[in-house]
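Good morning, and thank you for joining this group meeting.

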Amino acid sequence: MRVDMQTLYLVVPLAPLFGAIVAGLFGRLVGRTGAHVVTIAGVAVSFIASVLVFQDVLAGHTFNGTVYTWMTLGDLHFEVGFLVDALTAMMMLVVTFVSLMVHVYTIGYMHDDPGYQRFFSYISLFTFSMLMLVMSNNFLQLFFGWEAVGLVSYLLIGFWYTKETAIYANLKAFLVNRVGDFGFILGIGLVLAHFGSLDYATVFAKAPSLARETITLWPGAPWMLMSVIGILLFIGAMGKSAQFPLHVWLPDSMEGPTPISALIHAATMVTAGIFMVARMSPLYELSDTALSFIMVIGAITALFMGFLGMVQNDIKRVVAYSTLSQLGYMTVALGASAYSVAVFHLMTHAFFKALLFLAAGSVIIAMHHNQDIRYMGGLKKYMPITWVTSLIGSLALIGTPFLSGFYSKESIIEAAKISHLPGAGFAYFAVLAGVFVTAFYSFRMYFLVFHGKERFHQGHGHGNEPDAHHGHDGAGHDGAHGQDHGGQPHETPWVVTGPLLALALPSLAIGYMTIEPMLFGDFFGRAIYVADRHPVMHELDQEFHGAMEMGLHALTTLPFWLAAAGVGLAAFFYLKRPDIPAAIARRFKFLHQMLLNKYWFDELYSWVFAQGALALGGGLWRRGDQNVIDGFFVNGSAHLVERFSRLVKAFQSGYIYHYAFAMLIGVFALVTWFARLN
Amino acid sequence: MLNNLLSLVIWVPILAGVIVLATGSDRNAALARWLALAGALLGLIVAIPLATGFDTATSAMQFVEKAAWIPAFNVHYHLGVDGISMPLILLNSFITVLVVIAGWQVIQDKVAQYMAAFLIMSGLINGVFAALDGILFYVFFEGMLIPLYLIVGVWGGPNRVYAAFKFFLYTLLGSLLMLVSMIYLYFQSGGSFDIQTWHTTALGMTAQTLMFFAFLLAFGVKVPMWPVHTWLPDAHVEAPTGGSVVLAAITLKVGAYGFLRFILPIVPDASHELAWFVILLSLTAVAYIGLVALVQADMKKLIAYSSIAHMGFVTLGFFLFNPLGAEGGLVQMISHGFVSAALFLCIGVMYDRLHSRQIKDYGGLVNKMPVFAAFFMLFAMANAGLPATSGFVGEFMVIMAATQVNFWFAFVAATTLILGAAYTLWMYKRVVFGAVSNPHVEEMRDISLREILLLGVLAVCVLVMGLYPKPFTDVMHASMVDLLAHVAQSKLP
C-alpha cells in the first residue's frame, strides 16, 4: 500500500511534465488537438492522483523521503525528495485543480493562436514546476521549483514575443524576481552554514537549539541568526509573491495571455512565497523581528496596492492590483503567526481570483480584445454565465458573509487585531481599510462591465491615459472571438464557461466547509508550527463558534459595513453619478496622478537601478578597462618599450663616424675616471 | 595499451593534426575535414577509458606513465591524472570534436591548417592536464599557445594581429615568472622537477609569497582574473568561432587548473595568507565585470566578459578552502566549458548568416529561427545560472561555501543572480524577441541539421549536469578532499 502511494507521488508531477514534453517537442507531430489532449490528460491524471494523495493524508499518512540524490560531498547530501503532509496535499489539490480548469479554458481562449501547442506545453511545464516546489522536502528543490516557475512565468509573460510591451514585462518580471532570489539564496546559504543540512526535517528539528544564536554582519551589531535567515528567505517571497517594494513586476505581467494570469499570476505561482513562509513556520516562530517585518510589508502591500486598483481602467490590471492587495493580506496573516489562516486565504483566493481572471478573459473575448472597462457596460444580459460567476467571484473577494473569501479574510483581520507584535496596529488598520478599498474597486469594475449603459460601440478602447495597455496586437493573436465586428457581444463557448462554473462552486462554499478543520481542527497537524508565546490562533479559536455563527455575527461588525459602503459608493459613483469620480480626479489631481503612475515606482527603479547599473557599467568599462588597464598598463608599457627602443635606436645609426665619436667620448670618460682614481 | 592511455590521449590528436596538415592545400579540403573529424573522434574515444576505468575512491594519480626524458636535469616524461584533471581532459577531447564540426562549412580558407591547429592544440592541452613533471608541463603549457596564436592571427577578424599579440605577450609575461619559480623549486627540492615532490618541498614564507605572486600572474592571466583580463574580450572578438569556443571552454580552464596543481599545494601557507587577495579579485570579477558585461554592444564581448565573471566563481571557490567551494569551482569550470562553448557557437550561427556580432543588427530572430531561439534560450538561462542547468550547480556550491566563510563574500557573489540574468537575458531580448527588425533578419534561415547536432549535444550536457551532478562531484571528491587536507598543513621549515 505504501509503495503504491510513493508511485502516486511521482505520478503527480511527472504526468504534467510528460504532457509538456510531448506538446513542446512534438507539437507539430501531435497537432493542436493532440497537444491539448495530452496536456489536459496529464493534468487530469495529476489531479486525480492528488485527490487520492489528499485522502491518504487525511487518513493520517504523511511521507518524507528521497527520490534521488542530486549530489553528495562527503557527509553533505543534496537530494530531490518529497514531503507530503496536509499542507502539501492541500497545495497539490489547489494547483492541479486550477491548472486543470485553466487548461480546459485555454482551448477556447487560445483557439486561433499560432503558438497553441507551445502554450499548452508551457502551462503543463508550469504545473510540473509548481508541484515540485510544493512537494519538496528540502531547500534545494524548493529553489529549483522557485526558479522553474519563474522561468515559465518569464516565457509566458513574453508569450507574444513580437509585442514590445510583453518582452519588456517579462524581462522586468524575471529580474525583479531575481532580486528576491538574491536574498533567498543567501538565506539558504545561512541555513546550510549553520544547520549543516538543507533538509526541512533536519533543519526544523535543530532550529530551537539555534534560537539564541547570533551572527555579526558588521562589527558591533550582532543579529539574531533566525531573524537574518527569516528576513532573507522572506525577501525571496517578496519577489515571488510581489510584495512591496518588489511588487512592480506583477501588474506588467498582465501582458501575458489571460489564462496564465489566472493560473500563475493569481492562483498559484504568486502564492509560492506565502506557502514557503508557512512551510518554514518552525523557523519564523523563532524570530519576532522577522514576523514584524513580514507583517508590515504585507500591510503596506495590502492597502497601498489596493488604492491603485481604484483608478485602473484595464480589466486585467484591476484584478492584478486586487491580487497584489490580497497577497498582502496573506502576508499579514503570516506575520501574525496565523500561518494556517494565510494558507486558508491562499486557497480561497486561488479559486475566486482564478475565477475573476477567467471571467475577465471571457469578457475580453466578447469585447474583441478590448480590455478597457470604460468601453464596456451592460454585458449582464449578453453573457449571463460570465456575469453570474463574476458576481460570485467579486462577492467572495470582498468578503461577503458565508462566501469563501469572507471566512479567510475575516480571520486575517481578527488575527491582525489580536497580534501584539510591533506593527500589528498598523497592519490591523491597513487590512481593515483595505476591506473598503477592495469592495470599491471590485464593484467599480463589476458595475462598469456588467451594468449601466452599453458603451462597447463607442470605440475600441484607444484610451489615452498612460497606463491603458490593451490586448491588441493586431496580428490575430489570442482568442475565440465571441463578437463579430459591429455585432452584439454574446456568451463564450462551454470550454470557457465550464471552468467558470467549476470555479464558482468552491468560491461560494469552500470557506464555509473548511474553516473549521483548517483553522481550528488539526488538519495541518504538525505541518504548521506555532509557538506558545504567539497566542493568535489560540484566541481566534476561543472566538470561533462555528462557521454559521461566524457569518451571522459578521453582519454586525465593522468589516461588513465597510465592504457594504464600498459597494454602495461604487454603485453611486459609476451607475448614478459618473461625473463625481471625474470631478474628484480633477480636484485631487496630484493624488490621482500618483495613483495612475503607481507611486512612480517604475520610474524610480528604472532611473536608479536600470540607468544606474548601465552608467556604472559603462563607467567601469571605459574608465577601468579601457583607460586604466589597457590604456595605462597594457598599451602604456608597450609604448614605454617602444619609446625606450626608439631612444636606443638612435645609437644604432649605422654611421661609422657616430660610433667613432661615441667611442671617443667613451675613451675620454674612462680615462677621466681612472685618472681620478689614481 | 591501457598502460599508455594518457600518451594516446596526448599524441593521437597531435598525430592526427600532422596527418591533416599533410593533405596540404585547399584542393583536398574535404579530405582534411573528414580526417580531422576522424582524428578528433579517435581522440575522444581513447579518452573515454579514462572515465570508465577511473577509480573514484582514491586521490592518488592514476594511469601513471613515467620515463626518463632529460636525465641530466632529472626531467621525466611523467603523466598521470586524478579527479581534478581527468574531467578536464574529457571536456577538452569532447570540445575538440565540436570545434571540428563547427568549422565544417565556415572555414573555406586553409582548411587543413585550421583543422590541424585545433587537433594539435587539443593534444597539447591534454598534455598540460596530464603532465606531472614541471618541465613537461611548461613545454605543453607554452606549446598550446602557438596554435591558438595562429588560429586568432590567421583566421581571425580585422583587428586580429593586435589581439593575437596582446594575448600572446600577456600570457608569455606570466609564464616566464613561472619558469623562474620552477627553477627555484628544482633547487629547493634537491634537484627534482617532479610536481608531486614539489608538493612536499618545505619552503620559507618569503619564498612562498614570491612564488605565489609569480604563479598567480602566470595562471591569473589565463583564467583570466581581474585586472589582467583585458586580452580576453579582444581575443574573442577577433577569433573565429572555433577559436572562441576553445578559448572559453578550455584555455581558461588551464589557468584555473594551475591554481589546483601548483599554487595551493606548493605554496599553501602563502595561499592561506593571501587568500583575501584572491577572493577580493574574484569578487571584483563577479560584480565589476558583471556590470561591464551589461553595456557591451558586441555579443562576443558580452559573452567574453560573462566568462570572466563566471571564472571569478572558480577562483573564489578555490580560496574558500572547503570542499563545497573547491568542488564548486571545479564544477563551474566544467559547466562553463559547456555553456560558453554553446553560447559562442550560437553567436557563430548568427554571425555565419548575418556577418555581424552587434546586438543592434539583430532583433526578432525567433520569427525566423524558432529552433535556434529555443536552444539559445536554454543556454542563456544556463548562463544566468538557472537551476536544472549546469550553470546553476557551480554557482550554487560556491555561494553556499562562501556563506560559511563570510556572509559578505556570499553577498557580493550572489549579485551574479541579478547581473548574470540582466546581461544575458537583456541581450537575448534584443537579439531574439520582438518583431523582425530589418530585411537581413528577414532572410535568416533556421539552423541546419549539423548545427542542431552541435547545439543538441551541448544541450544534453547542460541539462544532465544540471539535473544530476553527482557523477561529476563523485569523480573529483577524493582528490579535492586530499588536496584541501594537504593545503591545510604548513610547509614552513
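At what angle do the axes of helix α2 and helix α3 of chain A cross? Please bear in mind that this is a predicted model. In chain A, helix α2 spans residues 27-58 and helix α3 spans residues 86-109. Their axes cross at roughly 155 degrees and come within 9 Å. Because angles over 145 degrees count as roughly antiparallel, α2(A) is roughly antiparallel to α3(A). The crossing of α2(A) past α3(A) is left-handed.

Let us turn to the residues involved. On the α2(A) side they include A:Phe47, A:Val51 and A:Phe54, and on the α3(A) side they include A:Leu93, A:Phe97 and A:Leu100. By class, this contact has 16 nonpolar residues, seven polar and no charged.

A second pair lies in chain B: helix α14, residues 299-318, and helix α18, residues 390-405. Here the axes are 10 Å apart and the angle is about 40 degrees, which makes α14(B) oblique to α18(B). This crossing, too, is left-handed. From α14(B) come B:Phe313, B:Leu316 and B:Gly317, and among their partners in α18(B) are B:Glu395 and B:Val398. The contact of α14(B) with α18(B) comprises five nonpolar, two polar and one charged residues.

Finally, we consider the contact between the chains. Chain A contributes 42 residues and chain B contributes 43 residues. On the side of chain A, the elements giving two or more residues are β1, α5, α6 and α25. The largest share, 15 residues, belongs to α6(A). That side of chain A holds 28 nonpolar, eight polar and six charged residues.

Notes:
Residues numbered from 1 in each chain as written. Chains lettered and ligands numbered in written order. Predicted model: local features only at pLDDT ≥ 70, side-chain atom pairs only at ≥ 80, totals over all residues. Contact = placed C-beta atoms within 7 Å. Helix = DSSP H or I, 4+ residues; strand = E, 2+ residues; numbered from the N terminus. Nonpolar A, V, L, I, M, F, W, Y, C, P; charged D, E, K, R; others polar. Axes fitted to C-alpha atoms, helices over the stretch in contact; angles between N-to-C directions. Parallel < 35°, antiparallel > 145°, perpendicular 65-115°, else oblique. Left-handed = near helix turned anticlockwise from the far one by under 90°.
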